[in-house]
Amino acid sequence: MASFKPTKIQVYPKLGEKVTQDTLYWKNYKAPVQIKEFGAITNIDFSPVAPHNFAVTAFTRVHIYGPFSQEPVKTFTRFKDTAYSGRFRSDGQLFVAGCEDSVVRLFDVSGKVALRMFKGHTKAVHVTDFTSDRYQILTGSDDYTCRLWDIPNATELTTYQEHTDYIRCGVTSKLNRDLFITGSYDHTLKVFDARADKSVMTMDHGQPVESLLLYPSEGLLISAGGRYVKVWDLLKGGQPLVSLKNHHKTVTCLCLSSNGQRLLSASLDRHVKVYNTTNYKVVHNFDYAASILSLALAPDDESIVVGMTNGILSIKHRKSLEESKEISGQQKRRPSYRVFVKGKNYVPKQDDYLVSKPVKQHLAKYDKQLKKFNVSKALDTALERKPEITVAVIKELDRRGTLKNALAGRDEQGLSHLLNFLIGNMVDPRFAPVLVTAADMILDIYQSVIGQSPVVDRQLLRLQELLEREIDYQQDLVEVLGMLDTMFASSLPRKEVPSLPQTVELSLS
């Protein structure tokens, strides 16, 4: 008796992802360097001055790393509780950070002890930043207030209490020392002018605001909160321009590329999305192992630094030109490849006694059902797998002449499941020749029960609309093909046909 032959799954050509300039640019990073911090990493900030060290705020300390160092070059530990929002001044000389104990500390980057301690908030300070003139500090706190502080005199200049919930993000203008913007969990963004005693503009994000970002021109503002990233036109009084919803969980941080033409957003769904700032379409995506709390890009996009909830700091450095050429030139093979091919090409010698070991055949679940001639169960099992497998099983059943038996005798749920598969894959040119046969059989078998189930009727109507639309597409394409043939034929150079001689003598003899 011949052994059972498993169903042959046809291998279809893979449709590769569209390779764009963005794909090449954002994939040109080395494998990430991962560093374990003491707690969740809430903020990352690059120094604007070469060599562009970056500060990582995590738990009760702030570490400063060099561009390529895996160990901190500097550590600030003078915090009694969790530190927040460590930021460099524009000259890279001073550094400010908030804290859970409500005290704001100012450090000299080359020292260890705090130069100034600003006390006035009553709850945790999550927002700190320097104004453009370098002599003032903006802070935002869970006590619903934002304040401006004078660095030389260590005094409080102004207090604004307009938010009705925690202030968790803020940004200062780089063009005007008096302007700054805050975002709060009360869903609002407020633009303040230090020369006025109240906010000058208010926008409603609709979700608790987690991050703010100003374009270099400062005409546009980007806010992140909930699953939404929104763009606002400040020159038109805070008019909303775009609302993006590409993440599955809360968006936690925002970042702009060095040329300002790409926007990056990171989320608790473990993804970093890259948007084109002209049309706000997603042009690339990064995946990470844990939820992301902080994100920063080095100048010239030389490295991407991401901080996660599990305390892992991920650093991706851009490949040099030589490294990119080496990797593209060499064949990628895993080190263990030689282990798997070892002995495969060994040929026994003439005097060797060959002991053949029977190879145990492992059958898939649908093949086991086919072996037992349970054709309906085999089809049901295949419907739960990839479309390629399902189509291969339908093709095998049709070859055996048992496809009609497998399709018949189904209840409403079973028929609905089958129709769903046809609707999803019928117009795929790889599967259409096989599935058209199956669809014809289904209509022949179940035409007498049409009208008894509203669910099945709706699916049959959807299938009909799908096929009619596909036929229209095919007809349009045939017409276009005819037009192209005419154009190509008319564009070809005309060749003169050699004329036949006027007299042709035929000799019958």
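**Exercises: cavity and cores**

This predicted model holds one cavity of 30 Å³ or more.

**Exercise 1.** Work out what volume the largest cavity has and which residues line the cavity.

*Solution.* 
Step 1. List the lining. It is made by L415, L419, I442, L443, Y446, Q447, I450, V456 and L460.
Step 2. Assign elements. α8, α9 and α10 each give two or more residues to this lining. The top contributor is α9, with three residues.
Step 3. Sort by class. Eight lining residues are nonpolar, one is polar and none is charged.

**Exercise 2.** Describe the largest nonpolar core and find which element gives the most to it.

*Solution.* 
Step 1. Count. The largest nonpolar core has 37 residues. I394, L397, L419, L422, L435 and I442 have the most contacts inside this core.
Step 2. Elements giving two or more residues include α4 (365–371), α6 (387–400), α8 (412–425) and α10 (454–491).
Step 3. Pick the top contributor. It is α9, with seven residues.

**Exercise 3.** Find which residues L435 is in contact with, leaving aside neighbours within four places in sequence.

*Solution.* 
Step 1. Start from the core: L435 is among the residues with the most contacts inside it.
Step 2. Read off the partners. L435 touches V391, I394, F421, L422, N425 and M426.
Step 3. Look beyond this core. A second, separate core has 18 residues, including Y29, C255, L297 and V306.

Terms used
Residues numbered from 1 in each chain as written. Predicted model: local features only at pLDDT ≥ 70, side-chain atom pairs only at ≥ 80, totals over all residues. Heavy atoms only, no water. Core = buried A, V, L, I, M, F, W, Y, C linked by side-chain atoms within 4.5 Å. Buried < 20%, exposed > 50% of the residue type's maximum accessible area, 1.4 Å probe, protein only. Helix = DSSP H or I, 4+ residues; strand = E, 2+ residues; numbered from the N terminus. Contact = heavy atoms within 4.5 Å. 1 Å grid on protein atoms, 1.4 Å probe; cavity = no way out; pocket = protein on both sides within 12 Å on 5 of 7 lines; lining within 4 Å. Points joined across faces, edges and corners; volume = space filled by probe spheres on them. Nonpolar A, V, L, I, M, F, W, Y, C, P; charged D, E, K, R; others polar.
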